[in-house]
Amino acid sequence: MIKKWWHDKIAYQIYPKSFLDSNGDGIGDLAGIISRLDYLKALGIDIIWLSPIYKSPFVDQGYDISDYYAIAEEFGTMEEFDLLLSEAKKRDMHIIMDLVINHCSSQHEWFQQALKNPYGEYGDYFYFRKGVNGHEPNNLRSYFGGSCWEPVPDTDLYYLHMFAREQPDLNWENPKLREELYKMVNWWLEKGLAGFRIDAIINIKKDLSFPDFPADGPDGLAACWKMVESVDGVGDFLDELKERTFKCHDAFTVAEVFNMQEGELGNFIGDDGYFSTMFDFSAHCLSFGEHGWYDAPPIDFRQWRQTIAESQASVAQCGFEANIIENHDEPRGVSRFLPDYAQTPAGAKMLGTVSLLLRGIPFIYQGQEIGMQNSVWNSIDEFNDINTIDQYNIALQAGMSDAQALAACSLHSRDNARTPMQWSSEENAGFTTGQPWLKVNPNYTEINVADQESDVDSVLNYYRRLTSLRKSADYKEVFTYGDFEPAFADDDNMVMAYYRTNKEKRILIAANFGSEPVELVLEYPAKRVLLRNMHSGLLLSDSRDSTESMDSTSGLKLDSCEVCVMECQI
């Protein structure tokens with residue numbers, strides 16, 4: 001593997017609208033982010049990913065961009081963004097932004113011009129097609145429900161949108177459109193941006209014949225991702241994008257990729273891959289329902305454990321994936337991956353340890369470091385997310401009661417991750433002095449940064465010790481480049497355990513997700529405990545402090561929700 005500047009870094013995702021409001025308008029902003037850079041530095045963060053801050057009508061919370069070169073006034077000014085870049089650089093931190101280039105906003109000047117003349121220059125920036133027998137060009141269903149095709153008033157044409165109808169898809173087959181996008185990407189990189197998180201990028205390749213697909217729902221439509229899976233050639237676009245932009249600036253890129261074809265992983269994230277890394281969504285996919293959130297299965301621990309091990313094995317010879325527990329599109333990990341009894345500070349520490357010490361680039365989502373949880377939702381009217389409202393209606397159409405549909409949305413909604421950051425126990429969790437744009441999770445009085453700052457045993461201070469261990473001079477090499485080896489996987493228990501190893505070191509990470517204590521017979525003699533989330537997490541034959549070296553021992557006892565990071569003999 002060719003070593004890169006970003007291999008040993010830890011990333012943090014900020015959802016700007018919900019991070020910190022500096023002016024009392026109820027919306028987080030750039031000034032709020034700048035004021036918390038030292039907080040992020042103390043957490044051990046090297047790379048900050050900002051969800052979209054471009055000018056937008058916010059139909060899909062900024063993923064509908066109306067001007068790629070402008071900062072939305074809700075977040076601040078370009079001067080404040082430049083200040084953010086400067087202040088981050090002073091702290092040896094890197095800023096990356098969302099790159100949303102599968103689609104833009106219907107308010108973008110390109111699309112406005114296209115509507116005036118669908119057969120003109122800008123019309124070819126998008127996909128305009130005539131209807132078939134008085135209906136849409138084909139039967140694809142958008143990611144947010146309903147047809148992918150929207151009629152153009154006073155014409156026989158439709159335009160394609162794989163997401164909301166206000167997000168028309170860009171025509172990557174048009175070389176002039178691609179040149180416009182490359183110009184924009186390079187403009188941001190030349191400004192000082194370190195790279196991008198690339199949104200929904202696998203969708204840029206379409207089957208231009210737009211065939212029908214077998215219906216997979218009572219609406220007679222088929223999920224649009226079926227076209228994505230069936231078409232070849234996206235690699236040509238991705239390679240050109242890399243060569244014309246990212247590679248020229250040694251940029252760090254992390255891609256959102258679903259529906260990748262088998263055997264393509266190396267092309268995406270190998271030494272000469274299209275991207276630096278891509279998110280590992282394998283565990284998140286375990287709770288995907290066949291028809292929607294209303295029939296989504298609960299996470300099965302053993303399947304989750306096996307999925308992580310298989311994912312780590314599949315990427316070992318290719319490169320690095322980006323490991324996440326949650327993000328802006330997912331519910332809170334503590335509420336998703338932990339059983340009820342484990343949704344505690346100890347459980348949050350345990351889950352964080354298992355994730356951050358995997359092989360790959362760790363991403364922490366805002367609030368994860370204090371153990372933020374799903375909110376309590378009393379009505380569908382409390383939600384803002386367009387996808388949640390669609391899923392609520394899907395559940396009702398499937399025969400669910402209002403209570404059942406609301407329960408499904410409460411568990412899976414993206415708004416769970418978008419509730420304001422909980423800074424203190426003051427009004428509105430210290431996020432704003434005004435009316436927050438989205439309701440604050442009512443548990444902010446128990447879970448917040450201010451209280452955890454002063455508690456040595458808090459989730460926040462544990463995360464700081466965790467990131468410090470991963471980046472420490474003695475262990476950075478093994479946690480960055482060391483192999484992943486499953487451990488105790490054959491045992492009939494709820495232990496998630498693995499080794500990180502290289503020629504010099506062997507580190508065991510062992511976590512008990514069960515409700516009862518377990519005792520493990522160690523395969524390799526222990527040298528020292530590096531980190532644990534409970535003071536009772538002692539080696540069976542040793543009761544000395546975890547910072548001391550220890551003689552070899554044969555057993556490890558783990559209480560419920562206990563995790564231990566231990567150096568073993570090679």
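1. Contact, or touching, is used here for heavy atoms within 4.5 Å. The model is predicted, so local features need pLDDT of at least 70 and side-chain atom pairs count only at pLDDT 80 or more, whereas totals for chains, interfaces and linings use all residues. Residues are numbered from 1 along each chain as its sequence is written, and side-chain values use heavy atoms, with hydrogens and water left out.

2. Leaving aside residues up to four places away in sequence, threonine 277 touches Phe252, Thr253, Val254, Ala255, Ile269, Phe320, Glu321 and Ala322. With alanine 322, which is 45 residues apart from it along the chain, threonine 277 has a C-alpha separation of 6.2 Å. Threonine 277 counts as buried, at 0% relative accessibility; buried means under 20% relative accessible area, exposed over 50%, and partly exposed in between, with a 1.4 Å probe and protein chains only.

3. Which residues of helix H7 are buried? In this helix, residues 234–244, they are Val234, Gly235, Phe237, Leu238, Leu241 and Lys242. Seen down the axis of H7, these buried residues fall within an arc of 160°, so they line one face of the helix; the arc is that of the directions from the helix axis to the C-beta atoms. As background, an α-helix has 3.6 residues a turn, so residues three or four places apart point the same way. The packing partners of the buried residues of H7 are helix H5 (175–191) and helix H8 (265–269).

4. Phenylalanine 58 is not a glycine, yet it has a positive phi of about 65°; it lies in the loop between strand S3 (54–55) and strand S4 (67–71), and it is buried, with a relative accessible area of 14%. Aspartate 250, also not a glycine, has a positive phi of about 50°. Its place is in the loop between H7 and strand S12 (252–255), and at 45% relative accessibility aspartate 250 counts as partly exposed.

5. Serine 106 is another loop residue, placed between strand S5 (94–99) and helix H4 (109–116). Serine 106 is buried, with a relative accessible area of 15%, and it touches Phe111, Gln112, Glu166 and Pro168, again not counting residues up to four places away in sequence.

6. A cavity is a set of points, on a 1 Å grid over the protein atoms alone, where a 1.4 Å probe fits but cannot get out, and its lining residues have an atom within 4 Å of a point; grid points are joined across faces, edges and corners, and a volume is the space filled by probe spheres set on the points. The largest cavity has a volume of about 180 Å³. It is lined by 14 residues, of which Ala283, Trp304, Ile308, Ile324 and Ser355 lie nearest its centre. Helix H9 (301–315) and helix H11 (345–356) are the elements that give two or more residues to this lining, and the largest share, three residues, comes from H11.

7. The second largest cavity holds about 50 Å³ of space. Among the residues that line it are Ile325, Glu326, Val334, Leu351, Met372 and Tyr463. Helix H10 (333–337) and H11 each supply at least two residues of this lining, and H11 gives the most, with three residues.

8. How many disulfides does the structure hold? The structure holds zero, a disulfide being a pair of cysteine sulfur atoms within 2.5 Å. The sulfur of cysteine 285 is 15 Å from the closest cysteine sulfur, in cysteine 224, which is too far for a bond. Cysteine 318 is likewise in no disulfide, and the nearest cysteine sulfur, that of cysteine 285, is 18 Å away. Cysteine 285 is partly exposed, with a relative accessible area of 32%, and cysteine 318 is partly exposed, with a relative accessible area of 23%.

Terms used. 1 Å grid on protein atoms, 1.4 Å probe; cavity = no way out; pocket = protein on both sides within 12 Å on 5 of 7 lines; lining within 4 Å. Helix = DSSP H or I, 4+ residues; strand = E, 2+ residues; numbered from the N terminus.
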